[in-house]
Amino acid sequence: MGLREMNVANETGQMTAITIEQVGRYDGQEVTLKGWLYNLRESGKLLFPIFRDGTGIIQGVCALKENPEAFESLKGLTQESSVIVTGKIRAEKRAPGGYEIGVSKIEIIQRVPESTPFPIQLKEHGVDFLLDQRHLWIRTPRQAAILRIRAEAIRAAREFMDGQGYTLTDAPMFTPAACEGTSTLFEVNYIDDQKAYLTQSGQLYAEAIAMALGKVYTFGPTFRAEKSKTRRHLTEFWMLEPEAAYVEFEEIMGLGEGLVSAIVQGVLKNKSRELETLKRDTTKLENVKPPFPRISYEDAVAVLNKNGNPAKFGDDFGGDEETIISSSFDRPVLIHHYPAAIKAFYMQPDAQRPELALAFDMIAPEGYGEIIGGSQRIHDYDVLVGRLREHRLPEEAFQWYLDLRRYGSVPHSGFGLGLERTVAWICGTEHIREVIPFPRMIYRVYP
Ligand code: NSS
């Protein structure tokens, strides 16, 4: 008897549980599932429950004649009651997932009272209602599939970064100064009335750690007091930020392509059932392999003008512009060499044309917008001091950062990949709020 079979009936003959994800391996065998009642259809002497356990859903059948005890327990059972179900698995083409369970025994762990039914019914609900019920909404198969894809995206990203020789590290959440402009800072009343800010990006710290370890990446939450109420903005989102000493502009763009491709291919390979649950058209994801198209900022402006968009040199691109540019490609596109004036203070100027920064953004297809922002960093002390002054940033708070240019400064580069935007694109969700368990947005910190 193999390990897997041992799982089903242990030595004392008692059933131990498997997960719905695994049922395909148990065709014709009796198993136990631990989960919740997702739906129940009653048809005279037959009951058709649907169970869920977090790994998937399975349809059941229970006949009064064959299993009177189970039938009585199940009859009238309320949605989301927790149950342990025993029964035989059989292949059934018409059932979602391809298998069903003939219920022979059911143990109710908690019955949801009739007087307080589960608030989310199997019908359309308004999104504000669902967001208020987010702690329960995540139980629905679609939401659970999204969160499982998110986990795979993180796993695949880390596997790729580790494989490229990058060491995982961590930046602090409390910071004394801004990284990405002062307009989106969350101010915190730190101990004894000291001012601090929630981090907008781990980058500046990742730069310090890169000078200690070579190639590193951080992965953690970042915060922006975004006043914009768009489908692409959260106030708390997760970013993966590689930073590498002795790595220059071209090479860091290549790393971004490899990373995004590894994430997409990982999800396609390991979360195909979840993509199916979401009814995602995966043909649009299969092409996501390097090399990605690259276009300079100036050429992008020309493309926009050709499409009737009035953008001119020096304008920052918004969602509309990004969508126009990305619509001519079947995979993400890199826009590079932005005007230095519209980008962050730390970006290295181009040697031939210093009015341009060695900066790039990666724009996802299908209108999902910018998923990566990155650049080569200024490594010259005097140039950096000049930039801090131009941006009116407090030099005292940046002394440690300037130290990196005093002691063995080297060319270095990095970028930040926004996890939620990447996952929203892969899942094809309308809004990025669905791809994080508890979204934080301009008007929402509950639940
Ligand atoms: O502002 S970024 O473009 N770049 C940085 O923060 C750099 N300091 C990163 C680095 O070089 N280490 O943000 C990076 C990405 C951006 O492309 C989006 O995908 C995502 O972070 N991002 C957001 N996602 C969700 N909500 C909001 N508000 C948001 N802002 C940026």
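Me: How many of the 7 residues in strand β4 (residues 57-63) are buried?
Reply: Strands here are DSSP runs of E with at least two residues, and helices are runs of H or I with at least four, numbered from the N terminus. Buried means under 20% relative accessible area, exposed means over 50%, and partly exposed lies in between (1.4 Å probe, protein chains only). Strand β4 is mostly covered, and its buried residues number 5.

Me: What kind of model is this?
Reply: Residues are numbered from 1 along each chain as its sequence is written, and side-chain values use heavy atoms, leaving out hydrogens and water. Local features need pLDDT of at least 70, side-chain atom pairs count only at pLDDT 80 or more, and totals for chains, interfaces and linings use all residues, since the model is predicted.

Me: Which residue takes a positive phi in the hairpin of β3 and β4?
Reply: The hairpin has 4 residues between the strands. The positive phi is near 95 degrees, and the residue is Gly54.

Me: Why does Leu47 count as buried?
Reply: Leu47 lies in strand β3. Contact means heavy atoms within 4.5 Å. Beyond four places in sequence, Leu47 touches residues including Gly60, Val61, Cys62 and Phe71. Leu47 counts as buried because its relative accessibility is 0%.

Me: How far apart in space are Leu47 and Leu402?
Reply: In sequence, 355 residues separate them. From C-alpha to C-alpha, the distance between Leu47 and Leu402 is 70 Å.

Me: Which strands are the edge strands of the sheet of 8 strands?
Reply: This open sheet has mixed pairing and runs β7-β11-β12-β17-β16-β15-β14-β13. Each edge strand pairs on one side only, and these are β7 and β13 (294-296).

Me: Which residue in β17 is the bridge partner of Ile372?
Reply: Strand β16 (residues 369-376) pairs with β17 in the antiparallel sense, over 5 bridges. The partner of Ile372 in β17 is Leu417.

Me: Which residue follows α6?
Reply: In helix α6 (residues 203-213), the buried residues include Leu204, Tyr205 and Ile209. Among the elements covering them are β11 (215-223), β12 (236-245) and α13 (399-406). After α6 comes a residue with positive phi, near 95 degrees: Gly214.

Me: Is Ile191 buried or exposed?
Reply: Ile191 sits in the loop between β9 (187-189) and β10 (195-198). Its relative accessibility is 56%, so Ile191 counts as exposed.

Technical notes: Pairing = 2+ DSSP bridges.
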